Amino acid sequence: MSDRLLDGRPAIVTGAAGGIGRGHIAHLAAAGAPVVINDLNIEAAQAMADEIVAAGGKAIASAHNIGSREGAEGLVQACIEAFGSVRILVNNAGNLRDRTLLKMTDEEFDSVLTVHVKGTFWCAQAAARAMAEQGSGGAIVNTTSGAHFGSFGQTAYSAAKGAIASMTYTWAMELARHGIRVNAIGPLGTTAMSQTYRDADGKKGDDFDPSMNGPALVYLCSDEAANVSGQIFGTGGQRLSHMVQPHYGKTLIKPDGWDLDALRQHFQTHMPGEFGALGILGKPYPFHGGVHAPEQE
Ligand SMILES: NC(=O)c1ccc[n+]([C@@H]2O[C@H](COP(=O)([O-])OP(=O)(O)OC[C@H]3O[C@@H](n4cnc5c(N)ncnc54)[C@H](O)[C@@H]3O)[C@@H](O)[C@H]2O)c1
C-alpha cells in the first residue's frame, strides 16, 4: 500500500514552523504533497522548507500574517504561483491570551479572535475560491479544541475554537458542491502553546509528541476519506476520537407553548438530570447544589 496518498497535491499549513504544524508538514510531505510552510517565524519555516527540498520534496516558506485578509490571500496566491494550484489547506495557526471573563481586555479578545477565527475564515475563503475555480475539489482541515466545551480562564480561546467548529459544519455543507471537504481536528501535543495547560488534577499532564497528529491529518486530506466532511476528530497521542456534534437532547413538547407556570411545574423534574459533563476536562456537572452569591458580612 503506497503511503503517498497526496502525491502532487499542493498543501498549505498555517502556523507550521513549530509545534503541531511542523508535524503536519512532515507527514504531508512524506505523503507526496508539495507544501507551503506558513509562519510569522520565517527563519524556522525556511529551514524546514530547505530540509524538505534537500530530501527531494517540494516546499516553500511563507511569512504571510494570516491574521489579515491580505496575508491570507497572499498565502494562497504563493501556493498557486509555486505549485500551480492549491488542493489542501490546514488552518493550524493560533495564539493564546488566557484570561477569565472578569479580567479580559478588548485587545486580548480581539487578538485571539483575529488569528483563530478571522484567520481561519480568510484562509478558507481564499483557498476555497481557488479550489472552486480550479474545479479540482480539495480538503480543508481546521483546528479546534475541546476548549470549546468551556475552559476556565480561556474566554477568547474557547470562543474562537467554538466558532471554528461551527464554521467547519457550515462550510462542509456549502462547499460539497465544489468537491471540497471540510473537517477539523482537536489535536494534542506538547508545544509552546500547551505550556499553560493543566489537567483535571491541576498538573501539567503527560507529554505528547506533536507530530502524532499528522497521520490523521493526511488521512482526512486523502481520497480515502471522501465520505468524511463536517466531522471533528480528537487526534494526537494514542487517541482517535470522534467529536459528537452538539444537538438538541431531551425535548418536552407542550402544544400550546411553555408558559412560566408550566415551566415552574416541570423544569426541575425533567431538565437537571440532563446536565452532563461541563467543560474540557469532562468533570460531572458541578452546579446541582445551586450557584449562590458569596455570604455578605
Ligand atoms: N498543543 C495542544 O495540545 C493543542 C490542543 C488543542 C488545539 N491546539 C491548536 O493547535 C494549533 C497549533 O498549536 P501548537 O500547540 O502547535 O502551538 P504553537 O504555538 O507551537 O504553534 C502555533 C504557530 O502559529 C504561528 N502563528 C501565530 N499567529 C500567526 C499568524 N498571524 N500568521 C501565521 N502564523 C501564526 C506561531 O508563530 C506558531 O508557530 C493551534 O490552533 C492550537 O490552538 C493545540
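In which helix does Ala 30 lie? Ala 30 belongs to helix H1, which covers residues 19-30; helices are DSSP runs (H or I, at least four residues) numbered from the N terminus. The structure is a predicted model, in which local features need pLDDT of at least 70 and side-chain atom pairs count only at pLDDT 80 or more, while totals for chains, interfaces and linings use all residues. Residues are numbered from 1 along each chain as its sequence is written.

Ala 30 is partly exposed because 18 other C-beta atoms lie within 10 Å; a residue is buried with 20 or more other C-beta atoms within 10 Å of its own, exposed with 12 or fewer, and partly exposed in between, the C-beta atoms being placed from the backbone.

The axes of H1 and helix H6 (residues 214-221) come within 8 Å and cross at roughly 55°. Axes are lines fitted to C-alpha atoms, for helices over the stretch in contact, with angles running from 0 to 180 degrees between N-to-C directions. The angle makes H1 oblique to H6; angles under 35 degrees count as roughly parallel, over 145 as roughly antiparallel, 65 to 115 as roughly perpendicular and the rest as oblique. H1 passes H6 in a right-handed crossing, the near helix being turned clockwise from the far one by less than a right angle (anticlockwise for left-handed). On the H1 side the contact is made by Gly 23, His 24, Ala 26, His 27 and Leu 28, and on the H6 side by Gly 214, Pro 215, Leu 217 and Val 218; two residues are in contact if their C-beta atoms, placed from the backbone, lie within 7 Å. These residues divide into five nonpolar, four polar and no charged, where Ala, Val, Leu, Ile, Met, Phe, Trp, Tyr, Cys and Pro count as nonpolar, Asp, Glu, Lys and Arg as charged, and the others, Gly among them, as polar.

Tyr 219 is also placed in helix H6. With 17 other C-beta atoms within 10 Å, Tyr 219 is partly exposed. Tyr 219 and Leu 28 are 191 residues apart in sequence and 9.7 Å apart in space, C-alpha to C-alpha. Apart from neighbours within four places in sequence, Tyr 219 is in contact with Glu 224 and Ala 225.

H1 also gives the most to the shell around the ligand, with three residues. Of the 31 residues around the ligand, Gly 15, Gly 19, Gly 94, Thr 191 and Met 193 come nearest; a residue is near a molecule or strand if its C-beta atom, placed from the backbone, lies within 6 Å of it. By class, the shell has 11 nonpolar, 19 polar and one charged residues.

Helix H3 (residues 69-83) and H4 have axes that come within 8 Å and cross at roughly 35°, and their crossing is right-handed. Among the contacting residues are Arg 69, Glu 73 and Ile 80 of H3 and Trp 122 and Cys 123 of H4. This contact divides into nine nonpolar, one polar and two charged residues.

H4 packs with helix H5 (residues 155-175) at an angle of about 15°, with the axes 9 Å apart, which makes H4 roughly parallel to H5. The crossing of H4 and H5 is likewise right-handed. The residues of this contact comprise 16 nonpolar, two polar and two charged.

Conventions: Helices (H or I, at least four residues) and strands (E, at least two) are DSSP runs, numbered from the N terminus.
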